[in-house]
Amino acid sequence: MSVSAAQDNSPKAATDDIVEVRNITKYYSPDVHALSNVNLSFPRGQMTTLLGPSGCGKTTLLKIIAGLLEPTEGDVLVNGKQVHGTGPERAFVFQDFALLPWATVLRNVAFGMELTKQDKREREDRARHYINEVGLAGFENKYPHELSGGMRQRVGLARALAVNSDVLLMDEPFSAVDEQTRRKFQEDLLALLANENKTVIFVTHSIEEAVYVSDQIVMLSPRPGRIHSIIRPEFSRDADPDEIRRDKNYLDTVEAIWADLRKYLD
Amino acid sequence: MSDAPSIATTPPMPMADRETLLGIPIMRVYQGLSIVLVFVAWEIAGLVPISIAFPTFTGTMRALFEMLVDGRLFYAYAETLKPLVVGIVISGTFGVIIGIAMGLNKTAQWFWEPIFVVLQASPVAALIPLITYAYGIGLTAKTVAVIMLAAPIIVLNTYKAVRHASPSLIEMCRSFQGTRFQEIWMVIVPNAAPVIFAGLRLGVAAGFIGVILAELLITPTGVGDLISYNRSIADYEYMYAAVFTVILFSAILVGFLETVEVNYFRPEKKKGQ
């Protein structure tokens, strides 16, 4: 199964894959084995989802790619170069939003640029642009506690977009958001990314969400996490969101993944 | 994503914040009412009297006014404030620095924690005579008494606040290339500010207790002298007036700290109030 991933990236890997992970193994402690020998490549400009039941190590893998966690073994390559720790080419969107409660929306969105000491006017202009893009114009001077969960995650997304990284790492970004907001957010995210030319690595435990948003779905098996299989959903994304959700290929893919994953739940 | 704000919820705003009575916010009215209630109860208790050593509220206020006019109070506070201010400034500055260091660094924690835990648990009133053996009966001894009471509270609160700084905010700072210094100064300290300031407020109140204790137990000066002298000659109205000013002064200082916190560290709390 990890073999199929290896085959995927063999000939054109160097040019087309922006992120690669090689032989990643992670032990939290000698008896907590989170990931086992994971090999994966992430094609530039595409959206890859890491999907699996809780405890399969998908967030661990994402944090290793982000440089927030050190793998026990293995390497992370970005643009063909091995990386250690975090880097400006990767931006993270957090499950719990991780917004500064004492800072306004504007400062939160500009915070990544504040840390890299960009000029205040420049970074605020850029932040305003992305606040607008995620649909929060008019909320620049609000504090996070004045926003709903969905709006807070839009702030988190704007912050990640504003630092102009090539890779967006999203850790279950919609899990703390209610179902209606979540669907709207998924649609908005796709619309927004269409103009942004980003590579997105997306962690979720929702099969529908994975099929709806992804070019490539990596299914992980639980404890220790390994690659179970890789699926590329095939249906047209030009249709409007409601049509896609009724599309036969979309529904078949969801069913196929569910049939595949349910055996882990017994 | 233009229609996103349509899913906005109205910011939570308790009704009590908006209601007013004759143009005064209803919360202020309740606060005022509570103070008046306490004074009325005091007056009644003094009139009964519950004890011959317990004066009425009006009698105490008369004594307070008299001491204000003849300058006794100013003279007393000039004496008391010296060790208090020096002690509080030292405890506040070094207490917060040591507390932050303890929260960030295991070695610092290992070194300082036992000292301050023991200090906090010890009966300082019983130790004050010991201070006089080491530092005599002057300003130093009184300052040390203030520090002994204020510093442990400030240090331990700061330490706990820093230790429990949000791991997710720290991770966020790291993921956006924040340096360790930025992580401490722009994330951990503001995140810990509410608890640090709670510690400072408690520390200031404890410092007051320390300075009055020192003035009662070491040498009778300042406000402590006003209290002990008037008690010894059974002029309870003056004694209680002095106690009353201590409470008032301490409350004003605590309120001032709250203003500093909200204005400089946690502006989001300003709107919520």
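Helices (H or I, at least four residues) and strands (E, at least two) are DSSP runs, numbered from the N terminus. The model is a predicted one, in which local features need pLDDT of at least 70 and side-chain atom pairs count only at pLDDT 80 or more, while totals for chains, interfaces and linings use all residues. Residues are numbered from 1 along each chain as its sequence is written, chains are lettered from A and ligands numbered from 1 in the order in which they are written, and side-chain values use heavy atoms, with hydrogens and water left out.

We begin with a sheet in chain A. Six strands form an open sheet with mixed pairing, in the order β6-β7-β8-β3-β9-β10 (chain A), where two strands pair if DSSP finds at least two bridges between them. At the edges stand β6 (90–93) and β10 (226–231) of chain A, each of which pairs on one side only. On average, neighbouring strands of this sheet are turned by 20° against each other, direction ignored. Within the sheet, strand β3 (residues 47–51) of chain A and strand β9 (residues 216–221) of chain A run parallel and are joined by four bridges, and A:Leu50 stands opposite A:Val218 in β9(A).

Helices lie across these strands. Helix α10 (residues 248–261) of chain A lies across β3, β9 and β10 of chain A and runs at about 15° to β9(A); here contact means heavy atoms within 4.5 Å, and axes are lines fitted to C-alpha atoms, for helices over the stretch in contact, with angles from 0 to 180 degrees between N-to-C directions. Helix α6 (residues 149–162) of chain A lies across β6 and β7 (167–171) of chain A, running at about 175° to β6(A).

In the loop between α5 (120–133) and α6 of chain A we find A:Phe139. Because its relative accessible area is 15%, A:Phe139 is buried, a word that means under 20% relative accessible area, with exposed over 50% and partly exposed in between (1.4 Å probe, protein chains only). A:Phe139 and A:Val105 are 34 residues apart in sequence, and 6.8 Å apart in space, C-alpha to C-alpha.

Turning to chain B, we find B:Thr158 in helix α7 (residues 139–163) of chain B, and B:Thr158 is buried because its relative accessible area is 0%. Leaving aside residues up to four places away in sequence, B:Thr158 touches B:Gly95, B:Val96, B:Gly99, B:Ile100 and B:Ile196.
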